[in-house]
Amino acid sequence: AVTAKQPNIEFHAVSCTAHSQLCRDQKVNSYPTLKLFREGSYEALSFSVKEAKVKNVLFRLGFDVSEKSESGKDHVEENQIARVVPFRVHDVHDAWFDAAMSFEFALKTGIFMTNGPLSNEESSTFHKWLDLLSKTLPDQMMKTHEMITVLLDNFDEAKQSQSNLSKLIHPYLVPDNAQVWRTCTNGDNKMGYTCGLWVLFHIMTIGVVEYNSHNPPIATRQVSEILRNYIEHFFQCEVCRLNFLDMYDNCQIDGCHRLSDKPSLNAHDWRELPLWLWETHNDVNVRLLGERMDTNKQPKPNQFESQQARWPSLYTCPNCWREDRSWEEDEIYGHLKSMYWSGNPSYIKISSESSESRTTFHFSWKVGGLLICSILAMARLLRWSKSHHHSGRHKKVDH
């Protein structure tokens, strides 16, 4: 048993004959294939069946198995259970959906924070934000593009009041009771807005690289300033806003030198923008992890947990990370593009435990082990081969 309270590890066998699409999505190419999924994660951990011993499995799932019990056998204490759910891989269409949801939610709740029209500074910031998104969001986010076009075409009306803005975008909105974000909510839809907003930011920064590849380039510093000012004026979470502004204005993550005030013709310079935002987001994730542990009076995150709070995880993108925990920029950029722009395979999700366990962050890793079997396919192939042998319909191959 992993712990006395949570001893269960679930195993499931899946036939690739009956579930061929799932096997293709999970890149199952041979029999047998073993994949592990942490609770609440779409992210598969793969390794050879020969390595699938208890200690190896627990280690890959984030448990510390170095301690010995009084009997000398390996065991895992309850306070050693990994406390971090890694950022999960998602389908790019989910990313676009959640970004669109957060964009809509912000229009309904985050633009007009006081009565009366937007100030000149707020109005300028909002217009620049809409114009930037119109250039950098993928064409597939069609409804979002239509809303942006309506707002830009009628901006003098939209900036006057929430009522005017709501009237303009009303034909495109999702009903409030249908606002359900798809990714990184860990089962709590209230977390969806902020998560979706980060997704929108990441999509936009990748979109800058794509836009600059085919148009007169936008300076990366100009984009980061628009993002910074949008967060200052229109992001409701005061603590989040102040922390981001402090990081940005004090040139953390070296944004002052990495981002250029002048348009560049160099794709490497453009890529600094999404990489800078990625590093910023990871820095926020690690800081929030430490704050949660401190609030819950738990030990500070260890090195493994701090790494797990970053994304992509080592298991999602093993080529992204070096042994010294530094990263390969080209691999990271390729991963970001696949997540937010060019698309990637669908992933299955293992359902999470109760919200109480999420709130206290005492995650008991309930593991769904997915064993992909092609026995039925092999049996069918054997019968087919035998049938053709007797009928003489098989073709002889000369060697």
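Biologist: Which residue does a disulfide join to Cys 237?

Modeller: That would be Cys 240, with S to S at 2.2 Å. Keep in mind that this is a predicted model.

Biologist: Which hand does that disulfide have, and why?

Modeller: The torsion about the S-S bond of Cys 237 and Cys 240 is about 65°, so the disulfide is right-handed.

Biologist: Is the link of Cys 251 and Cys 256 left-handed or right-handed?

Modeller: Left-handed, with -50° about the S-S bond.

Biologist: And what about accessibility there?

Modeller: Cys 251 is partly exposed, at 29% relative accessible area. For Cys 256 the value is 29%, so Cys 256 is partly exposed.

Biologist: Switching to Cys 317: which cysteine is joined to Cys 317?

Modeller: Cys 320, in a disulfide with S to S at 1.9 Å. The link of Cys 317 and Cys 320 is right-handed, with 70° about the S-S bond.

Biologist: Is Cys 317 buried or exposed?

Modeller: Buried. The cut-off for buried is under 20% relative accessible area, and Cys 317 comes in at 9%.

Biologist: What's the relative accessibility of Cys 320?

Modeller: Cys 320 is at 0%, so Cys 320 counts as buried.

Terms used: Residues are numbered from 1 along each chain as its sequence is written. This is a predicted model: local features need pLDDT of at least 70, side-chain atom pairs count only at pLDDT 80 or more; totals for chains, interfaces and linings use all residues. Side-chain values use heavy atoms; hydrogens and water are left out. A disulfide is a pair of cysteine sulfur atoms within 2.5 Å. Buried means under 20% relative accessible area, exposed over 50%, partly exposed in between (1.4 Å probe, protein chains only).
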